[in-house]
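Please look over the structure shown here together with its sequence. The briefing below is meant to be read alongside both.

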Amino acid sequence: MYAYDEIDRTLVNERVSEFRDQVKRRLSGELTEDEFKMLRLQNGVYLQLHAYMFRVAIPYGTLSSQQLRRLAHVARRYDRGYGHFTTRQNIQYNWIKLVDLPDAMADLAEVGIHAMQTSGNNTRNVTSDQWAGVAPGEIEDPRIWAELLRQYTTLHPEFSFLPRKFKFAITASAHDRAAIKIHDIGLRLHKNAAGETGFEVLVGGGLGRTPFIGKTIKPFVAGRDLLSYVEAILRVYNQYGRRDNIYKARIKILVHELGIEKFAQEVEAEWLEMRDGALVLDDEVVEDIRSRFFYPAYEKLPHMPDELKKAAHDAKFEAWRKNSVFLHREQGYAIVTISLKPVGGPPGDATAEQMDALADLADTYSFGEIRVGHEQNLALPHVARRDLPALWKALDKLGLATPNVNLVSDIIACPGLDYCSLANARSIPIAQELTRRFANHETANLIGRLHINISGCINACGHHHVGHIGILGVEKNDEEFYQITIGGRADEKAELGHLIGPAVPYGDVADVVEDIVEAYLALRAQPDELFVDTVKRLGVEPFRERVYATR
Amino acid sequence: MTSPLQQKIKITGPSIVTANRTSDGAVIYRTAAKDWSTELGRAAIVRAADEARALLAESVADDLGAVGPYIAPVELSDGAVKPGNLREQIRLSGVTIGLPVQA
Amino acid sequence: MPLVKGGKITADTFVAIADDAALPEGGDVLVHAARFLGDPESFLRRAGKTGVIWPNNRDVDDLVPHLERLAVVALVFPSFRDGRAYSQARLLRERFHYRGELRAIGQVLRDQFVFMLRAGFDAFDVRKQGDAEAFAQTVKRYSVFYQPTGDGRITALHRRMQLRHSESAGL
């Protein structure tokens, strides 16, 4: 991971001091809530149903074991002993007190963790592929560029009061695990015909009330020009994005209203004025950032070590290995996904004890590094294959070895009405019930890869629009109802799901999902045709018939 | 964004004013004694739009003590005050799911 | 509302003139953009300096031809959350090389002073007396800046380069 130096640490500490002063002025009455609200949001502090919620940044989803332990400490000391990992690679604490926040931030600052700009109308956490740096076939580590963007966007004086929030995501793999097409700016790192490294730049992706898939604004921007080009986009948005209506204020609306060609022209005109200015990224600067990223000294290890051969007789271990262990760019190593979706549990939560234990496991088995994915699971990115059996035993004891990664019970859900003041309906109990219905691993494997996404309201923090099955909580006559969509996807073939019919009540949702799955099993062309491909082939109609025949 | 005082106030039954406490975010209810309580039983109950507006106005004026006051419905049964919808039920009794650890 | 300039509260020689009010004989005046552009020469002929209040929803391009003769350009923050004037400020300073006083007006609050300075503002029509008094203290909050603006401060990226070079030079 990136090693903060004294310069980075100074900035984080200065931010904590500033926030401490702002809290003091709020509590003395010198600042009204109207003046304070945007300031606290810019430090990740929300007010939710029961309490304040604190959203802490995990830049591009990378943590050291020391940092994970400190996250556990905050959960224990200032909250109720657990945290929630989000769809933007951040962590949220749900019960934190305003008076405690400056101290919590100071504790986090000591290990280089901050909460800057995790909310507010500014540029948010730059997210990436949780397998960055270790995925086979990756062009280069996108996190170098994510870190350059993080620094560039942090406390940017021109862009701290945008019309609305602004989210970046970056990938360097053909298979997009970072969902770049549903971000305000999506970046695909690749090499052009001349072998130069650069970015396809997409703009205007986003979900919520008016979902859009991002459009390519420029097929190739050289690495050297990344920051100046981003600045041009942000400047056009800052000046022309709507400020009269919060539902029309995202850049996706501006791009839609101008059209991508006109928008691209505006950005190009602005960019040409500044492209050779102070934002040029010369090789030396990029190399300096690259040099601060830690890469393990991998050993030369066999792909099939004895430990693995011996453990192959253990059916439970094998079930987990086949599900949660992924190919690594280095022979003899593996990427291990840690499922935070236990049967009956709230998706994406981890207790302080689990976090501490996982930090120890990371030290022993993963060179002290952990990753956070937008699907609300964690990963250990550098595990030697010979260590898999021992690691599994330890994870299993901690409840972190549910072999359901990418399967029907690996559900992405927002906190919903149990926590969130924006929600219309609950999402977590729906997820819990679904994990119980599909708890059988044979069944789940039979079904195959199937992403269910649940959002408690149209703000779509659960990314329901791009779920293979999407579930959206709405309110009807004071009761919780849910709209169901199918056929969405968030990867390089991103598309929005299609509504199958009228909203169904809370008590029916799990039955409806079972009906959809049964329809899929009956209709699929062969066992390895994925759910999302069957929907593409057949459309919504056969599923609608099945679900609404008796409703 | 319209201030809560400028929004049209419609009361469909007995209602209260609720908010979150500034220092720690705790759920609080406006009492008849011009202060706040964490107990729903001590909330001032209003039954008409202008009563509600007045209660809301004095609550909003306490910018130091409370964040985001708004009017919420209640149910009265057997002389006890109960939350009038699921959202207020959750605010009063907490999340409907088991927490990963005992609070 | 106190004017802060040069880091401290200063008397303001400029008087804002309403669109339908007559201009005074002498003295420094601040007028709205449309009035100024209606007859720029008449303003610039006066004894006394001219300042223009430029709206935050209009490109600064139309003001650029007159910049050299203006003593003050005032940019507007209708709400502190409306950040359009930051872009206008940077363009005026960095692209169009405006050297006169660049004044922030509107809901100008303490917690945005650093951003405003970095964007090129050098005068602040501060909303609250307490904030104006705390100006000098507030601008010392940050010593590290990640991104370049026209304020001349070295960015973190380049400070690292400097440190690297001086290390390798054995300094």
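This is a predicted model: local features need pLDDT of at least 70, side-chain atom pairs count only at pLDDT 80 or more; totals for chains, interfaces and linings use all residues.

Residues are numbered from 1 along each chain as its sequence is written, and chains are lettered from A and ligands numbered from 1 in the order in which they are written.

**Helix packing in chain A**

- Helix α3 (residues 65-78) of chain A packs with helix α4 (residues 101-109) of chain A at an angle of about 160°, the axes being 10 Å apart; helices (H or I, at least four residues) and strands (E, at least two) are DSSP runs, numbered from the N terminus, while axes are lines fitted to C-alpha atoms, for helices over the stretch in contact, and angles run from 0 to 180 degrees between N-to-C directions.
- That angle makes α3(A) roughly antiparallel to α4(A), since angles under 35 degrees count as roughly parallel, over 145 as roughly antiparallel, 65 to 115 as roughly perpendicular and the rest as oblique.
- The contact is made by A:R70, A:H73, A:V74 and A:Y78 on the α3(A) side and by A:A104, A:D107 and A:L108 on the α4(A) side, where two residues are in contact if their C-beta atoms, placed from the backbone, lie within 7 Å.
- α3(A) also packs with helix α12 (residues 352-365) of chain A, at an angle of about 170° and with axes 8 Å apart, and the two are therefore roughly antiparallel to each other.
- Among the residues making this contact are A:L68 and A:A72 of α3(A) and A:L358 and A:A362 of α12(A).

**Nonpolar cores**

- The largest nonpolar core has 188 residues, and those with the most contacts inside it are A:F54, A:I170, A:I233, A:L358 and A:I516; such a core is a set of buried Ala, Val, Leu, Ile, Met, Phe, Trp, Tyr and Cys residues joined through C-beta atoms within 7 Å.
- Helix α6 (residues 226-240) of chain A gives the largest share of this core, nine residues.
- Apart from its neighbours within four places in sequence, A:I233 is in contact with A:I185, A:V203 and A:V267.
- A second, separate core of 39 residues includes C:V31, C:Y86, C:I105 and C:F113.

**Contacts between chains**

- Two pairs of chains are in contact, and of these chains A and C share the most contacts, with 28 residues of chain C in contact with 32 residues of chain A.
- On the side of chain C that touches chain A, the elements giving two or more residues are α3 (84-95), α4 (113-119) and α7 (156-168) of chain C, and the largest share, six residues, comes from α7(C).
- No contact joins chain B and chain C, whose closest C-alpha atoms lie 12 Å apart.

**Chain C and C:L23**

- Chain C has seven helices and eight strands, and its C-alpha trace spans about 65 × 35 × 30 Å along its principal axes.
- Of the 171 residues of chain C, 37% count as buried; a residue is buried if 20 or more other C-beta atoms, placed from the backbone, lie within 10 Å of its own, exposed if 12 or fewer, and partly exposed in between.
- C:L23 is placed in the loop between β3 (14-16) and β4 (28-32) of chain C, and counts as partly exposed because it has 16 C-beta neighbours inside 10 Å.
- Leaving aside neighbours within four places in sequence, C:L23 is in contact with C:I17, C:V29 and C:R46.
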